[in-house]
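Reader: I'd like to learn how to read helices, strands and cores in a model like this one. Could you take me through it?

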Amino acid sequence: MVIAETSGIIIKCLGGLYTVESPDGILECKARGVFRSKGISPAVGDSVTVSGGVITAIGERRNYLIRPPLANLDRILFVVSTVSPSPNFLLLDKFIAIAEFKGIEPVVVITKTDLCDGRSVREVYDTIGIKTVEVDYSDEASVQQVRELLNGKISAFTGNSGAGKSTLLNAVDPTLNIATGEISKKLGRGRHTTRHAELYKLAGGGYIADTPGFSTFETNRYDIIRKEELAGCFREFSEFTDNCLFRDCSHTCEKGCAVTAAVAEGKIPKSRHESYCAMFDEAKQLKEWELK
């Protein structure tokens with residue numbers, strides 16, 4: 001039976017074919033050629049209209065990540081392991097900034113707490129009001145905290161390869177049975193076990209995307225933040241930026257900067273400001289054509 005017209009959400013994109021979950025069931029679809037001519041590609045998370053096995057319309061997006069292509073996310077859960085690999089605060093802060101820039105709620109999930117204390121990570125992000133959860137697989141209540149964050153939401157898990165994203169997803173919902181990889185001792189990082197973006201429907205409601213592990217070389221593929229916009233992506237700066245001596249303050253090292261004063265007084269975590277300064281220096285190097 002051919003469905004005349006229905007609506008749904010794209011849960012998988014692979015090889016030009018789109019899997020759409022709709023009230024009429026799971027549909028395998030192609031997309032209209034007109035999207036390509038307009039420079040638009042359907043993405044996982046898109047709300048779409050389907051007619052005769054073809055995606056004919058894409059709903060307005062609340063947000064969109066370029067790589068992997070994901071749309072309409074409510075939350076991004078950044079999985080950070082205490083060891084193997086150790087936390088990379090700069091990389092984590094880059095992705096939190098992008099989530100803030102896109103209007104997606106960032107959540108930090110700390111794994112491998114049985115091997116090392118996660119307090120150093122938790123203290124930084126709890127201080128600035130970002131939800132942080134430490135997961136101990138011997139404590140079901142800690143896994144339940146993650147489940148509750150996912151209920152009824154469209155969320156993505158990401159983090160360094162080897163941080164335990166797939167293991168955590170399987171603990172949250174064992175029916176997912178997502179492949180996991182071992183840590184590569186030679187490289188000091190995990191193998192990429194996830195090859196494409198896909199939404200998994202959770203038993204408690206909502207969807208979760210398991211995404212390829214990110215690296216320091218891929219952050220600009222999510223999006224580019226101009227140096228003038230960067231301070232607004234660090235939420236803990238907001239109560240201080242209006243008090244700087246100069247209106248065009250970069251909040252890096254200027255005399256009379258209220259942000260650097262707050263760092264010196266312990267009101268802003270030092271690691272966060274260090275990440276901001278590194279990102280600001282990178283943003284200054286961007287060429288105009290890269291910002292378009």
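Author: Gladly! Let's begin with burial: buried means under 20% relative accessible area, exposed over 50%, and partly exposed in between, with a 1.4 Å probe and protein chains only. Helices (H or I, at least four residues) and strands (E, at least two) are DSSP runs, numbered from the N terminus. This is a predicted model, where local features need pLDDT of at least 70 and side-chain atom pairs count only at pLDDT 80 or more, while totals for chains, interfaces and linings use all residues. Residues are numbered from 1 along each chain as its sequence is written, and side-chain values use heavy atoms, with hydrogens and water left out.

Reader: How many helices and strands are there in the protein chain?

Author: The protein chain has nine helices and 15 strands. Of its 292 residues, 48% are buried.

Reader: At what angle do α2 and α9 pack?

Author: Axes are lines fitted to C-alpha atoms, for helices over the stretch in contact, and angles run from 0 to 180 degrees between N-to-C directions. For α2 and α9 the angle is about 70 degrees, and their axes are 9 Å apart. Angles of 65 to 115 degrees count as roughly perpendicular, and α2 and α9 are therefore roughly perpendicular to each other. Contact means heavy atoms within 4.5 Å; Phe89, Leu90, Asp93, Lys94, Ile96 and Ala97 in α2 meet Ser271, Arg272, Ser275, Ala278, Met279 and Glu282 in α9.

Reader: Which residues touch the most other members of the largest nonpolar core?

Author: In soluble globular proteins, nonpolar side chains tend to be buried together. A nonpolar core is a set of buried Ala, Val, Leu, Ile, Met, Phe, Trp, Tyr and Cys residues joined through side-chain atoms within 4.5 Å. The largest one here has 58 residues, and Ile55 and Tyr125 touch the most other members. The most residues come from α2, which gives seven. Apart from this core lies another, of 19 residues, including Val107 and Leu168.

Reader: And strands: is β11 enclosed or open?

Author: Five of the five residues of β11 (residues 154-158) are buried, so this strand is largely enclosed by the rest of the structure. Ile154, Ala156 and Thr158 point one way, Ser155 and Phe157 the other.

How values were computed. Angles under 35 degrees count as roughly parallel, over 145 as roughly antiparallel, 65 to 115 as roughly perpendicular and the rest as oblique.
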